[in-house]
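Please read the following note beside the sequence and the model. The points are arranged by topic and may be checked one at a time.

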Amino acid sequence: MRPIRLPEPPGVDGMKTPEIFSGGFGGAATVVRRAVLIGNGSPGAENQCLGLARALGLADNLTLYRVTRPRGGINEWLHFLPISLHKFVDQVLRQFFRNTRFAIVVQGRKPYRVPNAGSVGLSTVLEADVKKIVTVARDTYEKEGPTLVVACGWDTISYSSLIKKVASDNVFVIQIQHPRSRLDRFDLVVTPRHDYYVLTASGQQQVPRLFRRWITPQEPPGSNVVLTVGALHQADSAALRLAAIAWHNELAPLPKPLLVVNIGGPTRNCKYGVDLAKQLISSLYNVLDSCGSVRISFSRRTPWKVTDIVCKEFAGHPKVYIWDGEGIPRRLALSCSAFILFAQIVKLVTLSHSLCAEPNPHMGHLAWADAFVITADSISMLSEACSTGKPVYVIGAEHCKWKFSAFHKTLRERGVVRPFTGLEDISNSWSYAPLNDAIEVATRVREVIAERGWTV
């Protein structure tokens, strides 16, 4: 009987060892399979981190940490301090005023808390801890490979830069939004192109010569800077397909075209008030005949005066549905103030917002809208809408200044947005090359990671 010859194991006779059998530098330790995200509690900032993680294919293996400041009492006036100094001052004040009648005034009742992660679509969120993040990255490096660290927001800079400093061999650190100085503390910095507006001729003219040395950035973007048009976000094609399915029963039957109106709130560089609300109302009435249906949403920043005037004008209108940003739809002919009072009473009685609220329709709106009208203040909302390829109309751009004006100029030059004048026929669609910032940034991240001998 002839002997049976078993196949040689992988790696014999010059055969290349498959990655699954190799370790160290040839296997897991060169592949980025997980992400640590560090946010500051702002949904806009944390959505940028999540959007990049999704674009890199790491959405199923990530952990969100959140940097939190002391809250309550005098702490609300100390947010201008660096977060480490703010926490130190808070501790000193607590010791000094402990057990005195000034304790609540100085400390507040709940100085530290990690808000719920529901606003960014996650079930849990952890308090940011550099030591813990670094320890896990080091201890699991050989088995799990490098850790991608993505942070966004001013308060996260000290955390992400320290992680890079003490664990540079085990992590790849990306800071979203310009850190203003010492960009070499990070592997990559992702920031909108308009953050460099100060270096343009127009920007220089707006800054008195005496103050130019104090305005950042002061140098053009270096090799570790990735420029975007707008903000990163989670509204990619896969997310919109899921949203279209989830919101099919509610939004698909609506008369077409569906116009979605997103109303933000004034900012330092884009100030407006009731005047813009009145302009919006007038323009909406002018285009209602060309709309099948209209859905209006407010943000957390929308002033009550703006909300109130819009609600009073359109409450009960057969074509208009208003979502107040708190989960309570307004179609009844009640005053907005009454609705606000009702919402507050319900939350106080139930102690649970979720018991009386319906889901936020924002992603459903992005998926099902035929056109958008968006106030000029929100770079995030505009970036999301402009990634759909659908018509986007902007109202209030004339109120914007400084780098916000540069952002709107870029959108107009690319043919991505048009001003909302009230003369539009919403049934007439137009198209453009959608913004694709997250994918473009992800491509650059892969290139730079590859230079280190890693892959994602």
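1. Basis of the note. The model is predicted, so local features need pLDDT of at least 70 and side-chain atom pairs count only at pLDDT 80 or more, while totals for chains, interfaces and linings use all residues. Residues are numbered from 1 along each chain as its sequence is written, and side-chain values use heavy atoms, with hydrogens and water left out.

2. Cavities. A cavity is a set of points, on a 1 Å grid over the protein atoms alone, where a 1.4 Å probe fits but cannot get out; lining residues have an atom within 4 Å of a point. Grid points are joined across faces, edges and corners, and a volume is the space filled by probe spheres set on the points. The structure holds 2 cavities of 30 Å³ or more. Lining the largest cavity are Ile263, Tyr272, Leu276, Ala277, Leu280, Val306, Thr375 and Ile395. The helix α10 supplies the largest share of this lining, 3 residues; helices (H or I, at least four residues) and strands (E, at least two) are DSSP runs, numbered from the N terminus. By class, the lining has 7 nonpolar, 1 polar and no charged residues. Here Ala, Val, Leu, Ile, Met, Phe, Trp, Tyr, Cys and Pro count as nonpolar, Asp, Glu, Lys and Arg as charged, and the others, Gly among them, as polar.

3. Nonpolar cores. A nonpolar core is a set of buried Ala, Val, Leu, Ile, Met, Phe, Trp, Tyr and Cys residues joined through side-chain atoms within 4.5 Å. Buried means under 20% relative accessible area, exposed over 50%, and partly exposed in between (1.4 Å probe, protein chains only). The largest core has 60 residues, and Leu259, Val261, Leu284, Ile296, Phe314 and Val392 have the most contacts inside it. Its largest share, 6 residues, comes from α10. Leaving aside residues up to four places away in sequence, Leu284 touches Leu259, Val261, Ile296, Phe314 and Phe420, where contact means heavy atoms within 4.5 Å. A second, separate core of 33 residues includes Leu58, Leu148, Ile176 and Ile449.

4. Disulfide. Counting pairs of cysteine sulfur atoms within 2.5 Å gives 1 disulfide. Cys270 and Cys400 form it, with their sulfur atoms 2.5 Å apart. Cys270 lies in the loop between β8 (258-263) and α10 (274-287), and Cys400 in the loop between β13 (392-395) and α15 (403-413), so the pair ties together parts that are 130 residues apart in sequence. The link is left-handed, with -55 degrees about the S-S bond. Both Cys270 and Cys400 are buried.

5. Backbone details. Most residues other than glycine have a negative phi, and most peptide bonds are trans. Which residues does a cis peptide bond join? One joins Thr216 and Pro217, and another joins Lys256 and Pro257; omega is about -5 degrees in each. Arg180, although not a glycine, has a positive phi of about 80 degrees and counts as partly exposed at 27% relative accessibility. Trp402, in the loop between β13 and α15, has a positive phi of about 55 degrees.

6. An exposed loop residue. Is Asp289 buried or exposed? Asp289 is found in the loop between α10 and β9 (293-298) and counts as exposed at 75% relative accessibility.

Note on methods. On a 1 Å grid over the protein atoms alone, a cavity is a set of points where a 1.4 Å probe fits but cannot get out, and a pocket is an open set with protein on both sides within 12 Å along at least five of seven lines; lining residues have an atom within 4 Å of a point.
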